[in-house]
Structures are given as C-alpha cells and as structure tokens.
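Here's a quick tour of the structure, chain by chain. Have the viewer open and follow along.

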Amino acid sequence: MSYKFDFAFLADKWPDFVAGAWLTIQLTILSIAFGFLLGTVCAVARVYGGPLLRRLVGAYVETIRNTPLLIQIFIVYFGFSSLGLKLSAEVSAVIALTVNMGAYTTEIMRAGIQSILRTQLEAADCLGLTRFQAILHVVLLPAMERVYPSLASQGVLLMLASSITSQISTEELTATANLVQSDTYRSFEVYMIVAVVYLVLSALYRLGFWAIGLVLFERRRRLGTPL
Amino acid sequence: MKTRTLLRLVAGAAFALLSFGLPALSVSARADTLDEIKKAGKIRVAIDVAIPPFGMTDDKMQPTGSDVDLARLLAKDMGVELEIVTTTGPTRIPMLQTNKADIVISTLSITPDRAKVIDFSIPYADHPSVVAGLKTVQIKELSDLDGKKVAVVRGTTQDTDLTQKAKGAQLVRYEDDATMALAVASGQVDILATARSLLPAISKKNPARTVEPKITMQTNYLAIGMRKDEPKLLAWVNDWVKTNLKNGKLAAIYKQYHGVDIPTEDLLSKAGG
C-alpha cells in the first residue's frame, strides 16, 4: 500500500474545522473562567474555612482528581438525564469541565495561598483591614501570581481534554475531525490537521494567559520578574 | 510568551508531522496480503465488539456475536489463527488503510464512497436501517423529523443518509452504538436512526423506553472489507462467502444471533450466481 497524501477535501471542509475549533474555544473558555472562580472560592474555603467546610472541599477535590474526566462527563450527561434533568451536550460539557477545572484550580490556588507568609495577614490586621479585604487584596492576588504558570498550564490541559466531550455528541474540534474522517476516509490528513490546530490553539491560549497575567499583575508588568 | 517558547512549539509541530508522516511513507512496497496471512499463520480481523448482536462481549468478557463467529469460521477455513483487532465504527476503514488489520468484518455496509478507498467482498448479510423511536413518538416519514433530535452514530450510513435526506432534523452524533443506546435509555433522545438489528438490545437497556421501528430508510448489504489491489485475497474471500452462503453456515450464524433469516437467494444473486 503506497499512501498518497491528499488534502483536497480541505477546500470543502475547512468551515467545519473552523466551526469545531470555535466550539472548542467557547466550551473551554467558559469552563476555564467558571472553573477558576469555583476553584478560588474552594481554595479560600479549604485554607480559611471551618473544619466541616474544609473536609467538604477536600472530598470534592479528591473525588474529581481521582476519577476519569470521561466518567464525570458521562455522569453529568447520561446520569442527570436519567434522573429527569435533560441538559444539552454542550451544557453538560461545560458543567463537567468546570467542575474538573475547579478541583485542580483549588489545589493550585491552595498552594499559592499557603505560600503567602502569615505576617502579611498580620500586617493587614494592623492596618485595619477586615478579614475579607485582607484575603482579597493581600493574599489572593500575590498567591495567584505565584502559581500563575501552573494555572495557565491547567487551562491549556483542559482545552486539550475537552476533545473527549465529542463522546457525548458536542460537535467540537475532535468530533469534527471524526466526522470529516468518516466522510472522506483521509484519516491521516484529518488528524494531522487537527493536531496542528490544537497546537495553534495551545499557543494562542498561552499567549492569552500571558496577556491576562500582564493586565492582572501590576508588579510583574513593572518589574518583569517572577515573584 | 518568549521567542524560545514559540520556537519550542514550532519544533513540536515539526516533530509531530514527522512522526505521523514517516511511517505512512515507509509502508510502500508490500507483499500480497493473503501470502502474508498464511506465512504469519494468523489473520488480523477488525471487529467492533460494541455492536450487539454483531460484535459484543459475553459474561466472561470474551468477544462473541455474529461477526465474531463469522471471523472464527473464516480463520478456521483458511487454516490460520484468528486475531481480533477491536475497532469502532469510525475507525474501521482506517484500520485497513494503516495496515492494523488484514480484513474488516464489522457490520460494514457496501457504499459507493467506501468502495473508492477499500474493496468489498460479495455481501454476506442484509442490513436494513430504520428510524426508530419511543411508542409515543409520532413519525411516519423523514419530513416528520424536522426540528426533532435524532441520535446517530457518527460516520455510519444512517448519519450520511439523514444528513442528506432529513435536513430539518437535528442530528445528535455519538461515537459508538453503546453511547447512542445509553443516550436513548437515559432519555437524552427519543428518536434514533440505526440498524434494525440493534433495536432489541437498546430496548433491553431500559424497558420503560422501548423503541420500535418507524421508518425503513434503506437496506444495505454487509460485506467483508479489505485493502484495494489484493486480487488473491478478494478471490479467496468471495469464494468462501459464496460457499458458506450455499451450505447454510452463514445463515445459521445469523439466525443464532439475530433471530431472523438472511435472504440467501437474494444475496447469491447479488454476488452474480
């Protein structure tokens, strides 16, 4: 069998790839944003909360981090609908990815929060800041800056992991690849193209995280050094 | 984002292209598949074991089903060992193209599109496709599907058919029959387009959501798939299918798993005698 590469199908199919990539972007940006908020709240709860709250958050984090993402997605999509709550594939995907991202973010942010010295909080106390103000202004931002590279990586990982939501019929990039492949039988070409698109998306996400980092962390913007 | 990171990404892309591309180029001059099978003493058959009753696993987690028995019989008659390469609907043909399997016996319907990239044996069974739904669903023809969610398995003939003929329908595409069946059983969808042979297994998953055939879309014919330009293998397989259609062995396998007879005469006439 001599294999000849043939990319002619791209002339017809490129809008499908664009649509697939666009859905991947929409699903993952929503999930990353919600997941980050969820994770940050949980991280604060895990460090500063009461014993019950800490344990609850701990259970959530460990459950999610120790079960496969695919199973989590199936539980949201098939499980909830068995109970009568019918969610569309896209909504299920965002929920499952958010919950997943939230668990990892919790651990990452917890590491950041715990790296902030106690004396900082005491200083905030002396300045008359309330506990809430102190956590928000004195702890969270520097904590986030410290663990920002890990957060960005987790975001990119989530974007790549979103490919398995094709299992529950979201028509994202991987689903598009499978569809085009089954249409044209140019499997090599299709998966090569999609691999390159994911690579480009990863680069774009990293660029995006870097830009957000610049906006968020004034210290870094001015000094240009890692914290 | 530094230049170095960008460089690394570019290098990564180049590496990915190379590792994908090189094996593809290096498999050019290859010997005759039939000779190779006999020399190796085993035939690699791609079968999807998630499409009951064609391919499934029994309670001992062993592959079973009508396609599996067919493959066993074929390997026995060829005098070689059977190696089952498990596959899924969308990867059946790539399995052949990338030389991961010698033949495909996996509810593979003969279609003109597929015939462009692989060769088919003469048909060994018929395979009617239907649109099915819950008892409460009122559909009589394809236009009744407008605006309704219809589950299909991505890349199957039902997917292609409905994409063309039922433009108003909202197709929900799953990766395999098991996932689609779960979607029906769990209530995500009420209508699906699939092979008639699959309906009993789907209804069994959740008897409260029993599905019944509503519209017969078309009858396909199942055949054994192999790579193009393998005249010896094709001739052997054709001969084998014809012999076993005539002696009733294939009909017996089909009856055992599907409970219906295959139209042997019809199939033989399609094979040209």
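## Chain A: helices

Chain A has 9 helices and 0 strands, so to read it from the N terminus is to go α-α-α-α-α-α-α-α-α. Keep in mind that this is a predicted model.

Taken along the principal axes, the C-alpha atoms of chain A fill a box of roughly 75 × 50 × 25 Å. Of its 227 residues, 36% count as buried. If you look at contacts in chain A between residues at least 6 apart in sequence, 77% of them join residues at least 24 apart.

## Chain B: two domains

Over in chain B, the domain assignment gives two pieces. Domain 1 is made of 33–124 + 223–270, and domain 2 covers 129–220. Taken over C-alpha atoms, the centres of domain 1 and domain 2 of chain B are 25 Å apart.

## Helix α2 of chain B

Now zoom in on helix α2 of chain B, residues 33–40. B:Thr33, B:Leu34 and B:Ile37 are buried there. Looking down the axis of α2(B), the buried residues fall within an arc of 105°, so they line one face of the helix. On the other side of α2(B), you'll find B:Asp35 and B:Lys39 exposed.

What covers the buried residues of α2(B)? The cover includes strands β1 (42–47) and β12 (225–227), along with helix α9 (231–246), each from chain B. After α2(B) comes B:Gly41, which has a positive phi, near 75°.

## Strand β10 of chain B

Next up is strand β10 of chain B, residues 191–195. This strand is mostly covered, with 5 of its 5 residues buried.

Which way do the neighbours of β10(B) run, parallel or antiparallel? Strand β7 (residues 125–134) of chain B runs antiparallel to β10(B), joined to it by 5 bridges. One pair to pick out in the viewer is B:Ser129, whose bridge partner in β10(B) is B:Ala195. Strand β8 (residues 149–153) of chain B, on the other hand, pairs with β10(B) in the parallel sense, over 2 bridges. For that pairing, look at B:Ala151, which has B:Leu192 as its bridge partner in β10(B).

Terms used: Residues numbered from 1 in each chain as written. Chains lettered and ligands numbered in written order. Predicted model: local features only at pLDDT ≥ 70, side-chain atom pairs only at ≥ 80, totals over all residues. Buried ≥ 20, exposed ≤ 12 C-beta atoms within 10 Å, placed from the backbone. Helix = DSSP H or I, 4+ residues; strand = E, 2+ residues; numbered from the N terminus. Arc of directions from axis to C-beta. Contact = placed C-beta atoms within 7 Å. Pairing = 2+ DSSP bridges. Domains from an automatic or database assignment.
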